[in-house]
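My plan was to look things up one at a time and jot down what came back.

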Amino acid sequence: MSLMVQLLIVEDNNDFRKKLKENLLSFLPFLCIQEASDEKEAFEKLHRFCPDLIIMDIDLSGENGLALTEKIKERYPRTVVMILTNHDLPEYRDAAYKKGAKYFFSKETASLKEIIELVESIFSDGGTV
């Protein structure tokens, strides 16, 4: 893939966020990854970076990831949001889709391989959503 794909990881757990970024880059070198730990930082990065894909946690300090997803989709409707959370319950899954998330993964059951394959499939048409 010749185009760089812009990805934003919104996750308040610094170790998990860094490890996810490192793993994604090792398998998907076409990614340009930025990180945010909360809503304020996420919107700063959104305005400057315009990501194609956001990997969003639900548990964030301050605003939760579901409310943040809704705000992002209102302002940036073309940005794809993937929820990656410890809250693998039907009500969270339903709420995530209602707020505009396109994908939902559990941190406990999703493998790195599944996440990598999904990211590849999203951009397999030449780097566009």
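**Ground rules**

I am working with a predicted model, where local features need pLDDT of at least 70, side-chain atom pairs count only at pLDDT 80 or more, and totals for chains, interfaces and linings use all residues. Residues are numbered from 1 along each chain as its sequence is written, and side-chain values use heavy atoms, with hydrogens and water left out.

**Entry 1: the whole chain**

I began with the secondary structure and found five helices and five strands. Helices here are DSSP runs of H or I with at least four residues, strands are runs of E with at least two, and both are numbered from the N terminus. Reading from the N terminus, I get the order β-α-β-α-β-α-β-α-β-α.

Next I looked up the radius of gyration, which is 13 Å and close to the 14 Å that the globule rule gives for 129 residues, so the chain is as compact as a globular protein of that length. (The radius is taken over C-alpha atoms, and the rule is 2.2 Å times the number of residues to the power 0.38.) Along the principal axes, the C-alpha trace spans about 35 × 30 × 25 Å.

I also checked burial: 44% of the 129 residues count as buried. Buried means under 20% relative accessible area, exposed over 50%, and partly exposed in between, with a 1.4 Å probe and protein chains only. For contacts, meaning heavy atoms within 4.5 Å, I took those with a separation of 6 or more; residues 24 or more positions apart account for 65% of them.

**Entry 2: α2 against α3**

How do α2 and α3 pack? Helix α2 (residues 39-49) and helix α3 (residues 65-75) meet at an angle of about 20 degrees, with axes 11 Å apart. The axes are lines fitted to C-alpha atoms, for helices over the stretch in contact, and angles run from 0 to 180 degrees between N-to-C directions. The two helices are therefore roughly parallel to each other. My cut-offs are under 35 degrees for roughly parallel, over 145 for roughly antiparallel, 65 to 115 for roughly perpendicular, and oblique for the rest.

From α2 I noted E39, A42, F43 and L46 in the contact, and from α3 L68, K71, I72 and R75. By class that makes five nonpolar, no polar and three charged residues. (Ala, Val, Leu, Ile, Met, Phe, Trp, Tyr, Cys and Pro count as nonpolar, Asp, Glu, Lys and Arg as charged, and the others, Gly among them, as polar.)

**Entry 3: α3 against α4**

I moved along to the next pair. The axes of α3 and α4 come within 8 Å and cross at roughly 15 degrees, and the pair is therefore roughly parallel. L66, T69, E70 and K73 of α3 touch Y92, A95, A96 and K99 of α4. I sorted these residues into four nonpolar, one polar and three charged.

**Entry 4: α1 against α5**

Helix α1 (residues 14-27) packs against α5 at an angle of about 60 degrees, the axes being 11 Å apart. These two are therefore oblique to each other. N23, L24 and F27 of α1 make the contact with L112, I115 and I116 of α5. The classes come out as five nonpolar, one polar and no charged.

While there I looked at E117, which is found in helix α5 (residues 112-122). E117 counts as partly exposed at 41% relative accessibility.

Is L7 buried or exposed? At 0% relative accessibility, L7 counts as buried; this residue sits in strand β1 (residues 5-10). Beyond neighbours within four places in sequence, I listed L7 contacts that include L24, I33, F49 and I55.

L7 and C50 are 43 residues apart in sequence, with 8.6 Å between their C-alpha atoms. I found C50 in the loop between α2 and β3 (53-56). C50 has a positive phi of about 45 degrees although it is not a glycine. At 46% relative accessibility, C50 counts as partly exposed.

**Entry 5: R93**

R93 is partly exposed, with a relative accessible area of 27%. Setting aside neighbours within four places in sequence, R93 is in contact with D88 and F104.
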